[in-house]
Amino acid sequence: MRYVYLAKDDLGKFIDLLKEKHRVVAPVKKENLFVFADISGGEDMSLEYIPTIIPPKKYIMPQKESLGKFDMGEVSMKDTSIEMEPTVIFGMHTCDIDGLECLDVVFHKDPADPYYKKRRKNVTIIGYECMFPCDEYATCVTMDTHVPKAGYDIMMTDAGDKYILHVNSKQGDAIIGSGNIFKEADQDAIKKELKDLREKKLPKFKRALNPGYKELQPLFEKSYNNTGVWDDVGRRCVSCGNCTAVCPTCYCFDVYDDVKLDMSGGERGRVWDSCQLNEFAEVAGGENFREERSSRQRHRYYRKFDYPVRKHDKFFCTGCGRCTRTCMAKISLIETVNDLAKGEQDV
Amino acid sequence: MSEDKKKVRIAFFDFADCEGCQLQLTYLNENFLGLLEHCEIVSFREAMSERSDEYDIAFVEGSITRKHDEERVRKIRENAKIVIAYGSCASLGGVNGLRRRFSDEEAKEIVYKGRDSHLEAGWPRPVHEVVKVDHFIHGCPSNNDETIKAVKSILLGKGYTPPDYPVCVECKLKENVCLFEKGQVCMGPVTRAGCGAWCPSWGNTCYSCRGLLDDPAEQGQTELLEKYGYTIDDITEKFDLYNRCRMDAEKEAEKK
Amino acid sequence: MCNCSENKKVITIDPLYSPVEGTIVKACQMTENEKFFEIRLEGGKELGHMPGQFVQFSLFGIGEAPISVSSSPTKEDKSTFEVVVRKVGTFTEQMHKLGEGDKIGVRGPFGRPFPVDDLKGNDLLFVAGGIGLVPLRSLINFVIDRRRDFGDVNILLGCKEPKDRLFTDEIAEWEKMADINYACTVDKAAPDWKGNVGVITTLIPGVDLDVNRTYAVVVGPPIMYKFVVAELLKKDLAEKHIVLSLERRMKCGLGKCGHCQINDNYVCQDGPTFTYDEIKGLEEAL
């Protein structure tokens with residue numbers, strides 16, 4: 001839509017402006033890592049951050065959420081409403097924006113998930129472009145998520161003493177229109193400036209995966225029976241479920257009933273679940289269709305690099321690197337994919 | 001709730017343990033009162049003096065060690081409709097299992113030092129090695145949130161099965177910084193969840209007090225601990241602390 | 001930190017996960033572990049299912065479970081549908097406690113039905129192992145009610161012991177029908193059993209098939225599929241002409257929760273019925 005400038009000194013004012021009408025969440029330091037959390041002002045956040053422990057999907061698909069309340073002995077839910085305030089997710093990286101686009105595809109697909117849909121509508125995305133690669137675990141270059149493309153209302157890019165703001169939606173435009181801290185400028189000049197910044201930025205971003213974007217899905221198509229790689233990953237895996245909990249595109253859930261102490265009623269809700277856990281694919285009779293850790297890990301990888309490509313024409317790996325960063329057994333997505341590619345060459 | 005609805009009678013019993021799990025229950029406060037709408041406590045040494053032998057649910061706390069304890073727990077089993085092994089000493093054998101590293105004589109010498117002529121050194125066992133147990137509530141100490149969840153679930157007629165996934169699952173949902181990330185070692189990956197990652201959420205490592213998962217990734221966890229510089233002895237120590245009785249039982253089963 | 005709760009608004013959500021009310025109008029124990037239920041939706045509303053689909057039953061405080069519909073949509077009384085529930089876990093145990101007049105929540109129907117249109121005009125071979133008869137009964141009765149739309153019909157049933165047989169009265173009716181061939185076998189005979197003894201695959205070689213115009217519809221436990229499919233392929237039946245129904249763990253029925261996924265298929269939406277050529281080679285399927 002259009003571009004404006006924001007002076008770096010006015011960042012706090014920008015947050016204050018947003019807070020007039022929204023709950024604002026942003027990256028905040030937690031020990032040696034980062035999390036998305038509520039902020040009361042610009043000074044609370046750490047805009048230069050590596051991907052947060054859990055991605056900001058938690059604001060749209062909370063770890064645990066009520067699907068509805070019930071009275072004991074009844075059969076229909078009596079209240080399926082949710083409470084939410086309009087929320088700005090501030091400072092989202094492009095990889096996480098891509099993650100939300102993946103979840104949008106799944107949850108908006110017929111039959112659309114009404115909880116996700118309503119929360120999503122209530123969220124404004126203000127992105128923050130990475131000018132440096134975060135660490136050695138990210139694969140955003142291969143996944144092509146290191147440059148802003150779409151999926152945000154406003155994108156901020158660091159341009160020295162100011163930010164360039166790309167206003168990309170009506171929602172974003174309304175926010176910019178409500179403040180007087182934004183500087184209008186010649187659109188072509190800003191575009192040129194942005195182009196120069198990106199030209200300087202791109203050489204700093206190196207490819208970590210050997211196969212290229214186009215080679216990835218064909219590689220997985222041939223790698224299902226690469227038992228050497230899958231068995232090695234399975235042997236090291238402790239099935240802790242960390243890799244799926246931190247993944248911006250994982251969305252599996254379990255449904256629970258929580259009954260009140262007086263047993264008069266309760267709520268039915270859902271909670272994040274993980275295909276890495278032993279019970280996940282077990283049926284009531286006891287049969288487990290992914291009993292081995294190796295087959296569960298393989299399932300995870302295929303849910304990123306193969307199945308969604310067939311189904312939705314989209315990779316469900318954003319290259320954020322969280323699964324590798326969080327794995328205490330040091331199972332690395334980069335190593336796994338490169339090992340698969342190596343096996344392919346050897347054949 | 002109708003007044004005439006018969007309340008479920010609950011009794012608490014303790015064996016070889018510190019009674020810390022029963023003590024936890026006294027922290028329940030108003031939640032305890034909520035539960036009392038549906039049940040009645042008939043024996044609870046930690047909080048009341050009256051006692052009764054008529055009960056539906058028996059919470060058995062502590063490991064079974066001496067002959068006399070065996071007889072007592074058998075009697076409880078006969079009286080109760082449902083027996084719950086409450087807390088890790090009862091559900092796993094718990095830290096009492098460490099006693100199994102020594103012979104009876106050694107144990108007596110270490111603990112009672114010459115004043116042992118009239119004292120017994122029993123063989124510590126989890127309750128289910130002596131009588132049938134219907135439900136398990138693990139933990140050292142047990143976690144009140146889980147205890148309430150279990151009691152509600154049992155009252156609803158669906159029994160209670162503790163999760164068969166690791167503590168990490170609950171820890172990560174809370175967005176804790178992983179202890180491995182901070183260079184500490186944690187038994188979370190192989191330990192049964194249900195405590196809400198109680199210790200890691202307060203910066204402490206997991207000691208596996210709730211016991212190992214049904215199918216723990218022992219090899220993965222061992223390789224992992226080795227990677228962080230631990231020797232096999234250190235690792236055994238970590239697995240042993242709460243799981244000695246189970247590991248003995250598994251060795252026995254393998255022999256057969 | 002932040003306290004902007006004055007902005008908090010209550011958002012109404014379509015009750016997609018909220019069950020509708022079903023009333024049990026008939027319940028009877030069929031075997032030690034299997035119980036039959038006939039259910040009427042609120043206001044006698046038609047379930048609107050096709051053979052092969054399933055519903056999610058719900059009991060608040062207990063949870064939900066996917067159960068195959070066993071009655072045919074062609075059934076005379078459209079205001080009810082039938083299921084058979086095997087006691088295998090917490091939910092089904094609780095459901096077994098219910099009887100006539102009790103209420104139960106219902107969501108659905110869900111899933112892809114048997115490919116009825118493809119079956120039309122062709123000969124049919126039904127193979128049911130144990131409780132697999134439950135979903136297959138929906139299709140068998142559908143075919144019987146529209147008998148002229150289909151060619152020859154063969155029904156093969158297998159179960160562990162004679163006492164495990166379901167719908168014996170109804171099967172006796174099928175047996176009497178001149179235009180249906182029927183055979184049954186048990187793995188282990190009882191003293192008064194006069195029929196076949198042996199696994200279900202032993203019945204297949206004896207069936208006379210025109211492979212060019214036969215569809216086999218097979219429902220049973222996972223282990224049965226491997227052997228039955230092998231036997232059917234031996235008869236030169238095309239992979240596309242073998243239809244199966246798979247059982248998986250399900251939480252949502254809406255293609256989201258991930259539990260029922262087999263490779264890139266969501267069983268609750270893409271299945272539970274599949275043709276063999278769709279799932280052959282998928283390690284997680286059979």
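Which residue of E7(C) is the bridge partner of Gln56(C)? The partner is Arg107(C). E4(C) and E7(C) run antiparallel and are joined by four bridges. Strands here (E, at least two residues) and helices (H or I, at least four) are DSSP runs, numbered from the N terminus. Two strands pair if DSSP finds at least two bridges between them.

The model is predicted: local features need pLDDT of at least 70, side-chain atom pairs count only at pLDDT 80 or more, and totals for chains, interfaces and linings use all residues. Residues are numbered from 1 along each chain as its sequence is written, chains are lettered from A and ligands numbered from 1 in the order in which they are written, and side-chain values use heavy atoms, with hydrogens and water left out.

E4(C) and E7(C) belong to an open sheet of six strands in chain C. Its order is E5-E4-E7-E2-E3-E6, with antiparallel pairing. E5 and strand E6 (80–86) of chain C are the edge strands, and each pairs on one side only. Neighbouring strands of this sheet are turned by 40° against each other on average, direction ignored. Axes are lines fitted to C-alpha atoms, for helices over the stretch in contact; angles run from 0 to 180 degrees between N-to-C directions.

Chain C meets chain A through 51 residues of chain C and 63 residues of chain A. Contact means heavy atoms within 4.5 Å. The two chains bury about 4,900 Å² between them, 56% of it on carbon and sulfur atoms. Buried area is the accessible area (1.4 Å probe) lost on being put together, summed over both parts. Four salt bridges cross this interface; each is a side-chain nitrogen of Lys or Arg within 4 Å of a carboxyl oxygen of Asp or Glu. One of them links Arg290(A) and Glu284(C), with the closest N and O atoms 2.8 Å apart. By class, the chain C side has 22 nonpolar, 14 polar and 15 charged residues. Nonpolar covers Ala, Val, Leu, Ile, Met, Phe, Trp, Tyr, Cys and Pro; charged covers Asp, Glu, Lys and Arg; the others, Gly among them, are polar. Strand pairing also spans the two chains: three bridges join strand E5 (residues 82–84) of chain A to E1(C), and the two run antiparallel. Within E1(C), Val10(C) is the bridge partner of Glu83(A).

Chain A also contacts chain B, with 39 residues of chain A against 36 residues of chain B. The buried area is about 3,200 Å², of which carbon and sulfur atoms give 59%. Leu261(A), Met263(A) and Met328(A) supply 23% of the area that chain A buries against chain B, more than any other three residues. Four salt bridges are found here as well. Glu175(B) and Lys58(A) form a salt bridge at 2.5 Å, N to O.

Chain A holds an open sheet of eight strands, ordered E3-E2-E6-E7-E8-E9-E1-E10, with mixed pairing. E3 and strand E10 (182–183) of chain A each have a single partner strand, so one side of each is left without a neighbour in the sheet. Strand E6 (residues 87–92) and strand E7 (residues 123–128) of chain A run parallel, joined by five bridges. Met92(A) has Gly127(A) as its bridge partner in E7(A). Helix H2 (residues 94–108) of chain A lies across E3, E6, E7 and strand E8 (154–159) of chain A, at about 135° to E6(A).
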